[in-house]
Amino acid sequence: MPTIEGKDIRTVVVACEAGMGSSVLLTSQLSQRLGPHGVSVSHAPVNRLSDDTADLVLCHQGLAGRARQAAPGTVVVPFAMFMGDPAFDTIETAIRDGGSLDG
Amino acid sequence: MADASPTAVPLLQAEGVLLGCTAPDRDAAVRVAGQLLVDLGAVEPAYVDAMLEREALLSSFVGEGIAIPHGTDAARAFVRRPALTFLQFPDGLDWAGQPVHVAVGIAAAADEHVGIMSRLAQVLLDPDSLAVLRTTDDPQQVLDLLTD
């Protein structure tokens with residue numbers, strides 16, 4: 001299982017099925033939270049992910065399996081809710097205060 | 001985010017805003033949102049099927065009574081021009097177990113709509129704006145909140 005230290009995260013990609021709806025919405029919100037920490041956030045369809053896409057993949061739990069297949073060497077953090085999911089806090093905390101993420 | 005061309009059709013226009021809608025269920029609501037995209041000349045009819053397909057795969061509910069139905073990655077081929085539609089359901093609608101009052105239909109070929117989605121992301125965090133979207137009977141108020 002891949003793992004990454006918060007301080008090594010410079011890019012995050014939000015993946016969804018089409019890459020035109022929910023991932024765009026979430027990318028906008030997370031850019032505001034993670035941008036001040038020097039992290040850029042982008043979005044992509046899950047099928048176009050690879051290990052080169054970003055340091056960390058964030059996607060809905062229903063797509064996590066596909067994301068891990070597409071980017072097997074990259075940490076995939078799943079979330080259940082688009083608003084207020086604890087996964088977003090976990091990522092921000094790891095980036096800001098340090099700590100490792102895996103999955 | 002500015003349009004590439006000053007003559008470009010706005011992503012969301014008054015003709016794409018339907019207030020006071022009712023629908024028996026989620027799929028019916030998705031069809032209305034999709035058909036409106038067809039009527040606006042934004043997508044081919046096959047895109048509506050892809051919207052239903054996407055919805056069955058994973059609900060487009062994003063929270064705060066809002067869903068954002070859209071097609072699949074493959075269905076980008078059916079998009080003629082990027083556009084959004086806005087449907088308001090004052091009585092609410094069961095959206096795969098979640099209450100929805102607003103459905104924003106999306107047709108995008110690339111990233112033309114990122115600006116308007118950023119506005120929507122902001123609105124999702126603002127209870128006053130959300131209340132306006134759920135209850136207003138004036139399409140201009142919707143346009144004011146979501147467009148420049």
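1. Burial in chain B. Of the 148 residues of chain B, 43% count as buried; a residue is buried if 20 or more other C-beta atoms lie within 10 Å of its own, exposed if 12 or fewer, and partly exposed in between, with C-beta atoms placed from the backbone. The model is a predicted one, in which local features need pLDDT of at least 70 and side-chain atom pairs count only at pLDDT 80 or more, while totals for chains, interfaces and linings use all residues. Residues are numbered from 1 along each chain as its sequence is written, and chains are lettered from A and ligands numbered from 1 in the order in which they are written.

2. Overall dimensions of chain B. A compact globule of 148 residues would have a radius of gyration near 15 Å, and the 14 Å of chain B agrees with this; the radius is taken over C-alpha atoms, and the globule rule is 2.2 Å times the number of residues to the power 0.38. The C-alpha trace of chain B spans about 35 × 30 × 25 Å along its principal axes. Of the contacts in chain B with a separation of 6 or more, 69% are accounted for by residues 24 or more positions apart; two residues are in contact if their C-beta atoms, placed from the backbone, lie within 7 Å.

3. Secondary structure of chain B. Chain B has five helices and five strands, and its pattern along the sequence is β-α-α-β-β-β-β-α-α-α. Helices (H or I, at least four residues) and strands (E, at least two) are DSSP runs, numbered from the N terminus.

4. The sheet of chain B. Five strands form an open sheet with mixed pairing, in the order β1-β4-β5-β3-β2 of chain B; two strands pair if DSSP finds at least two bridges between them. At the edges are β1 (17-18) and β2 of chain B, each of which pairs on one side only. The neighbour of β2(B) is strand β3 (residues 66-67) of chain B, to which β2(B) is joined by two bridges in an antiparallel arrangement. F61(B) stands opposite A67(B) of β3(B).

5. Loop residues of chain B. E64(B) has a positive phi of about 55° and is found in the loop between β2 and β3 of chain B. With 20 other C-beta atoms within 10 Å, E64(B) is buried. A96(B) also has a positive phi of about 55°; its place is the loop between β4 and β5 of chain B, and with 14 other C-beta atoms within 10 Å it is partly exposed. A77(B), in the loop between β3 and β4 of chain B, is exposed, with 12 other C-beta atoms within 10 Å. The C-alpha atom of A77(B) is separated by 9.7 Å from that of A46(B), 31 residues apart along the chain.

6. Helix α3 of chain B. The buried residues of α3(B) are I116(B), M117(B), L120(B) and A121(B). They lie on the same side of α3(B), because they cover an arc of only 150° around the axis; this arc is that of the directions from the helix axis to the C-beta atoms. The cover over these buried residues includes α1 (22-34) of chain A, together with β4 (83-95), β5 (98-107) and α5 (139-146) of chain B.

7. The contact between the chains. In the model, 20 residues of chain B are in contact with 18 residues of chain A. On the chain B side, the elements that give two or more residues are α2 (46-57), β2 (61-63) and α3 (114-123). The largest share of this side, five residues, comes from α3(B). By class, the side of chain B that touches chain A has 11 nonpolar, six polar and three charged residues; Ala, Val, Leu, Ile, Met, Phe, Trp, Tyr, Cys and Pro count as nonpolar, Asp, Glu, Lys and Arg as charged, and the others, Gly among them, as polar.

8. Chain A. Three helices and six strands make up the elements of chain A, which run β-β-α-β-β-α-β-α-β from the N terminus on. For 103 residues a compact globule would have a radius of gyration near 13 Å, and the 12 Å of chain A agrees with this. The C-alpha trace of chain A spans about 30 × 25 × 20 Å along its principal axes. Of its 103 residues, 48% count as buried. Residues 24 or more positions apart account for 57% of the contacts in chain A with a separation of 6 or more.
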